[in-house]
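Please look over the sequence and the 3D structure shown here before reading on. The report is meant to be read side by side with them.

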Amino acid sequence: MYRSNTCGELRIENVGQKVTLAGWVQKVRKLGGMTFIDLRDRYGITQLVVDATAPAELIETASSLGREFVIQVVGTVVERQAKNAKMATGEVEITVECINVLNKSVTPPFTIEEESDGGEDIRAKYRYLDLRRPPLQRALALRHRLAQEIRSYLDQQGFMEIETPYLIKSTPEGARDFVVPSRMNPGQFYALPQSPQTFKQLLMVSGYDRYFQIVRCFRDEDLRADRQPEFTQIDCEMSFVEQEDVLNTFEGMMRQMFKNAIGVDIPNPLPRMSWYDAMDFYGSDKPDVRFGMKIHDITSLAQGHGFSVFDSVEYVGAIAAEGCAEYTRKELDALTEWVKRPQVGAKGLVYIKCNADGTFKSSVDKFYTPEEVKAMAEAVEAKAGDLVLILCGAKRKAQTMLGVLRIEMGNRLGYRDPKVFAPLWIVDFPLLEWDDETQRFYAMHHPFTAPKPEHEKWFYSDKKEDLERVCANAYDFVLNGTELGGGSIRIHNADMQQRMFEVLGISKEDAEYKFGFIINAFKFGAPPHGGLAFGFDRVCALFGGQETIRDYIAFPKNNQGRDVMIDSPSQIDQTQLDELMLDIRPLEQN
């Protein structure tokens, strides 16, 4: 037996017990003739003591230990004289009688402690060492607890966990596919699934009316903190349901996850907001509603006063930043430059200072009377001491820019506490979005999303303005400014599915080639069905109070999609290329 207890288990009630522990040496300290060793495993840290009166061989072994040596110790639990309230085991220590060095270690490239001295790149290269650190152990433990809660809840609700294929047909709509060459079918390729969308719908046709899967998905797209080329979805589908059934079922799942995994109660029922309200008031279809600072339309107040910047645009909107009227000219200039960044896209920023003495000062005073400036500030519900920030342009673009600015001001003002949770449902999305460049409609969600039943009359219209009015029978679960999940009631009728392809400009031939299997399946009695998928990595990160998902994935990729630990992706040898009948084209030199 390598151990009788873990390094995070022993307490004051264990005093007097003889125990065997095993783990990694985190730290060795000498104090007089005594040697103190911090022994660590994934459960915690226990302090070991080798007394000055111990046998010389034991003292010599203790003195030879280095960081990350793997050891086994036998000793007796005693009460610590100098207790450490910051450690769960801080009331006790082990008087060591025997040390067995199981494996030595070279000096690690960074400290394996709560706060490491290693940079992100070096920790990524030695990820297996970084994973020994308590923050990452807590992150993966939370991921495990959440996965167990999901499986427990869905099992209780009658869902079956069914696996779907990883090697599928490429249907390049949306993000790029990862493709896999087939040796047995030269010149042909599989694709890795961006989601199991079509398979879960086929399972509904097959009669498995409640399906779920915690599944790996793949998208070949540019990366960021909350995006990886391979990611995990909580993928679900239900038959014989309407939108209300789906929302109630998965609202219950999230409520159980919050309660049982992190001890948080969320509202019952959750608030709901239409996509149009989310854009009008928050400038985002994933609004952070932990704080106010809503967007207000002041177009009618701002236009018609000779200020050409406002007069020449469709929309003028504003937010009120609480207590920011004291911003200096330098700070306002810096904020103006910030909104001009490509990530925001504004051409400039107009402001109104609501001074403590009840006066108003704007950056466009020469175009407006004091009463007109005051009217704009009051329309934004600004108070004395607030700073009104104004952007303009095409309506949706201006609202989106204001939404980004709102989040920035929320960060600066400390409104976005990661320990506060404000979930909600976003509903009534547009079914279609028009692209002026390609002069065609694209699916806002995906081509299998059904229109709301009351909007079908517009869905079958040939008029562009009618099609733009159609709302999708779709919904997103949003938490703290992040979309955690989304889904829809699906099209289950072959004629309606063909109409959707027609609206999206997909020819019958193309539709048959890409989606013929599901179109044909619908002809054999497809039930009404719907579902959704949650981004499991994002769920874990937000539940853990973080914005980046990387700490919640055991072996993530970097921003270039590389695993620097195993040096992947990498070249393959010529024999493999020949088997796959592939030639590598040399990179063009600039």
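## Basis and overall picture

This is a predicted model, in which local features need pLDDT of at least 70 and side-chain atom pairs count only at pLDDT 80 or more, while totals for chains, interfaces and linings use all residues. Residues are numbered from 1 along each chain as its sequence is written, and side-chain values use heavy atoms, with hydrogens and water left out.

The secondary structure of the protein comes to 18 helices and 22 strands, where helices (H or I, at least four residues) and strands (E, at least two) are DSSP runs numbered from the N terminus. The C-alpha trace spans about 90 × 75 × 60 Å along its principal axes. Of the 590 residues, 47% count as buried, a word that stands for under 20% relative accessible area, whereas exposed stands for over 50% and partly exposed for the range in between (1.4 Å probe, protein chains only).

## Strands and their pairing

Strands of a sheet pair through backbone hydrogen bonds, either parallel or antiparallel; here two strands are said to pair if DSSP finds at least two bridges between them. Five strands form an open sheet in the order β12-β13-β16-β14-β15, with antiparallel pairing. Its edge strands are β12 (296-297) and β15 (360-362), each of which pairs on one side only. Strand β12 pairs with β13 (residues 315-321) over two bridges in the antiparallel sense, and Asp-297 stands opposite Gly-317 in β13.

Elsewhere, strand β18 (residues 432-435) and strand β19 (residues 440-443) are antiparallel partners over four bridges, and Glu-433 stands opposite Tyr-442 in β19. These two strands form a hairpin with four residues between them, and Gln-439 in the turn has a positive phi of about 55°.

## Charged side chains

How many salt bridges does the model contain? The count comes to 37, when a salt bridge is taken as a side-chain nitrogen of Lys or Arg within 4 Å of a carboxyl oxygen of Asp or Glu. One of them joins Glu-237 and Arg-490, whose closest N and O atoms are 2.9 Å apart. This pair links distant parts of the chain, since Glu-237 is in strand β10 (residues 230-239) and Arg-490 is in the loop between β21 (482-489) and α15 (494-503), 253 residues apart. Both Glu-237 and Arg-490 are buried.

Asp-265 and Lys-259 also meet in a salt bridge (3.3 Å, N to O); here Asp-265 is exposed, because its relative accessible area is 59%, while Lys-259 counts as partly exposed at 42%. A network of salt bridges links Arg-123, Arg-127, Asp-130 and Arg-133.

The bond from Asn-268 to Pro-269 is cis, with omega near 0°, and Pro-269 lies in the loop between α6 (243-262) and β11 (272-274). The bond from Ser-568 to Pro-569 is cis as well, with omega near 5°, and Pro-569 is found in the loop between α17 and α18.

Phe-240 has a positive phi of about 55° although it is not a glycine; Phe-240 is placed in the loop between β10 and α6 and counts as exposed because its relative accessibility is 63%. Glu-381 has a positive phi of about 65° and is not a glycine either. Glu-381 is found in the loop between α11 (370-379) and β16 (387-393), and Glu-381 counts as exposed at 60% relative accessibility.
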